[in-house]
Amino acid sequence: MKQNPKIKIEKIVSDGRGIGRFEGRVFFVKDVIPDETVEIKILNEKKNFAEGKIVSIIEKSPYRITPPCKYFKECGGCSFQHIDYRFHKIIKTEILRELLRMNSKISYEDGIEFIESPPYYYRNKVTLRVNEEGLSLLKEKSNEFVNIDECLIVNKKINGIIEKLNGMHLYQNYVNKVNIRISKAEKILLTLYTELFDISQLTLNLESLDVDNIILFLKDKKPVYIKGKGELVNLTNDNIFYFSHSNFLQVNDYIAEKIYTYLQSVVKEGETLLDLYSGIGIYSIIFNTIFKNIYSVEGNQSSVHFQRKNIKENRIKNISVINRFIDSSFEIKDSFNFDTVIIDPPREGVDKTFLKSLLPKIKNQLIYISCDPATLTRDISIIKDEFFISEIKIFDMFAQTKHFETVVIFERI
Ligand SMILES: C[S@@+](CC[C@H](N)C(=O)[O-])C[C@H]1O[C@@H](n2cnc3c(N)ncnc32)[C@H](O)[C@@H]1O
């Protein structure tokens with residue numbers, strides 16, 4: 001019988017797996033660490049690469065630790081709990097440098113600062129499925145459930161609610177999904193999605209839960225506000241931000257604050273700011289005092305509603321909000337130009353046609369905030385014709401997972 005290959009892990013790539021070579025072929029392996037030598041069982045062979053599974057670790061990394069979460073092996077959420085947090089910086093920075101080489105054709109030699117997160121209990125939001133056994137996360141790239149009684153990357157108070165909900169008859173009440181969100185002041189918004197047609201059919205004792213807001217969605221998607229107004233609020237030193245269950249907010253408050261403080265130190269004062277993919281308006285509102293006019297573009301209607309409310313509550317007069325999706329048909333009039341543009345897109349990045357048409361309208365700085373280094377580096381390959389990179393920082397927004405947030409500051413060449 002052919003022996004299992006033994007391979008040395010060269011690096012971790014952007015999907016969180018390690019790669020190594022055997023007989024000229026690249027192998028992808030989960031749960032490994034660079035410089036480890038592992039014996040693997042071949043799972044899947046393609047022409048140019050193969051996938052393998054660890055059978056044994058022949059040479060172990062000094063950074064290997066026991067994953068603290070009992071669901072780590074099956075749950076699709078975290079990728080790096082088996083690695084000492086101090087080494088995540090090296091892995092994530094190398095993933096970004098490699099993508100800059102491959103996608104942007106840039107060999108970025110300058111330093112990339114890595115801003116660490118609290119390694120656990122940092123998430124302010126979780127969405128869970130419901131089955132007969134209770135609440136669950138999903139296995140990687142699958143719809144298979146992993147029932148949990150806690151999640152170590154989620155805020156501890158949210159974990160308390162998970163424990164309580166697991167003791168209730170959610171499944172029998174046709175609840176299929178649950179979203180729990182916590183504000184900085186630790187107020188909780190619980191959203192339940194049910195297959196019920198009528199609230200009178202619900203037999204859950206929701207009053208026993210220590211939460212501030214409960215929204216229940218019926219089968220026809222109608223919301224019923226069972227407790228509170230269905231809103232949360234976050235305060236910063238200068239501003240107040242309202243939001244609800246469906247609005248985008250960064251999931252890690254500690255890291256989000258670090259990004260805001262950093263941007264406040266690099267964004268230069270000017271006449272006009274364009275804030276693209278603006279959500280509930282955080283950047284427009286933070287920078288309202290250093291620009292005369294701000295244009296803010298957001299596609300999600302509910303986020304636009306909260307952005308308008310936030311602008312009003314903060315008594316701001318110089319922000320124009322445009323509710324529309326940015327795509328190849330989005331054109332900015334020739335007469336407009338901007339000193340600074342902030343782009344904070346979803347994982348898909350920015351539409352190529354729109355991005356090309358935007359660049360000549362930026363006089364000074366372009367700030368790109370990205371949660372997906374693959375689309376960021378693809379977009380950089382377009383931006384680099386007109387702008388140079390003055391700084392790149394990684395913010396570990398999604399600690400223990402393969403994901404991270406990157407902020408790139410571009411200046412006009
Ligand atoms: C990564 S979030 C950034 C939000 C905001 N800048 C913040 O930090 O809170 C991306 C935002 O873009 C919005 N969005 C997604 N696709 C869009 C599109 N094609 N056009 C406009 N907005 C879009 C989402 O609703 C979301 O609010």
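Which residues are exposed on the other side of α2? I looked this up and found K156 and E163 there, where exposed means over 50% relative accessible area, buried under 20% and partly exposed in between, with a 1.4 Å probe and protein chains only.

I noted that this is a predicted model, in which local features need pLDDT of at least 70, side-chain atom pairs count only at pLDDT 80 or more, and totals for chains, interfaces and linings use all residues. Residues are numbered from 1 along each chain as its sequence is written, and side-chain values use heavy atoms, with hydrogens and water left out.

Entry on the helix. I listed the buried residues of α2 (residues 156–166) as I158, N159, I161, I162 and L165. Seen down the axis of α2, these fall within an arc of 160 degrees, so they line one face of the helix; the arc is that of the directions from the helix axis to the C-beta atoms. Helices here are DSSP runs (H or I, at least four residues), as are strands (E, at least two), numbered from the N terminus. Among the elements covering the buried residues of α2 I found β8 (125–131) and β11 (175–182).

Entry on the ligand. I checked E298, which has a polar side-chain atom 2.7 Å from an oxygen atom of the ligand, and then D344, whose side chain has an N or O atom 2.9 Å from a nitrogen atom of the ligand.

Entry on D84. I placed D84 in the loop between β6 (49–59) and α1 (85–104), and its relative accessibility of 16% is why D84 counts as buried.

Definitions and conventions: Contact means heavy atoms within 4.5 Å. A polar contact is a pair of N or O atoms within 3.5 Å; within protein, one must be able to donate a hydrogen and the other to accept it, and residues adjacent in sequence count only if both atoms are side-chain atoms.
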